[in-house]
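Q: I'm new to this one and would like to go through it with you. Could you take my questions one at a time?
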Amino acid sequence: MPEGATDGVGGLDSDVLERIGRRLRGSARFATVEYRPEYAPNAVVAEYDLGYFPAAIERAYLRIRWFKTDDFNVHYTEQYRDGNSWECRWDCHPNSHNDREHFHPPPDAITPGQDMEFESDWRAVISEILSELDERIQSFWE
């Protein structure tokens with residue numbers, strides 16, 4: 001879902017987005033969590049604590065947008081010191097490339113993605129995504 005696009009998603013759900021931000025602030029995974037920062041006024045941006053990552057990674061973060069229709073966009077990115085990146089994205093929104101619910105797989109969050117089904121509650125969606133990313137982070141140390 002392109003940045004700034006809101007066609008068919010009913011606008012930003014600032015209440016859910018704020019609750020997501022509060023939940024993420026309670027997690028030791030994140031060094032900082034910003035609710036609608038100036039550079040991303042339609043999102044919560046959670047910066048991972050880099051202590052969980054190999055030294056080659058200089059930044060890892062989640063950028064989450066949630067809409068009044070319960071559509072969403074959760075984008076995870078790892079930025080490497082050599083300029084490369086690894087990213088993936090969980091999306092639920094009207095589009096022409098996949099079912100409404102889909103996943104853009106790593107390493108480059110390619111479109112089209114893979115059709116998926118997500119839970120209907122935002123808490124379950126975020127929990128599942130965090131669990132998947134925990135597995136990714138754990139794999140660095142195995």
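Q: Let me start with the cysteines: how far is the sulfur of Cys 92 from the closest cysteine sulfur, and which residue holds that one?
A: Keep in mind that this is a predicted model. In it, the sulfur of Cys 92 lies 16 Å from the closest cysteine sulfur, which belongs to Cys 88, and that is too far for a bond, because a disulfide needs the two sulfur atoms within 2.5 Å.

Q: OK, and how many disulfides does the structure hold?
A: It holds 0 disulfides.

Q: Is Cys 92 buried or exposed?
A: Cys 92 counts as buried, at 5% relative accessibility, and Cys 88 is buried as well, with a relative accessible area of 2%.

Q: Switching topic, how many strands form the sheet, and in what order?
A: There are 7 strands in an open sheet, arranged in the order β1-β2-β3-β4-β5-β6-β7, and their pairing is antiparallel. The edge strands, each of which pairs on one side only, are β1 (30–35) and β7 (114–115).

Q: What holds paired strands together in general?
A: Strands of a sheet pair through backbone hydrogen bonds, in either a parallel or an antiparallel sense.

Q: Back to β1, then: over how many bridges does it pair with β2?
A: β1 pairs with β2, which covers residues 44–48, over 5 bridges in the antiparallel sense, and within this pair Phe 30 stands opposite Tyr 48 of β2.

Q: And which strands does helix α1 lie across?
A: Helix α1, made of residues 14–25, lies across β1, β2 and β3 (57–66), and it runs at about 165 degrees to β1.

Methods:
Residues numbered from 1 in each chain as written. Predicted model: local features only at pLDDT ≥ 70, side-chain atom pairs only at ≥ 80, totals over all residues. Heavy atoms only, no water. Pairing = 2+ DSSP bridges. Helix = DSSP H or I, 4+ residues; strand = E, 2+ residues; numbered from the N terminus. Contact = heavy atoms within 4.5 Å. Axes fitted to C-alpha atoms, helices over the stretch in contact; angles between N-to-C directions. Buried < 20%, exposed > 50% of the residue type's maximum accessible area, 1.4 Å probe, protein only.
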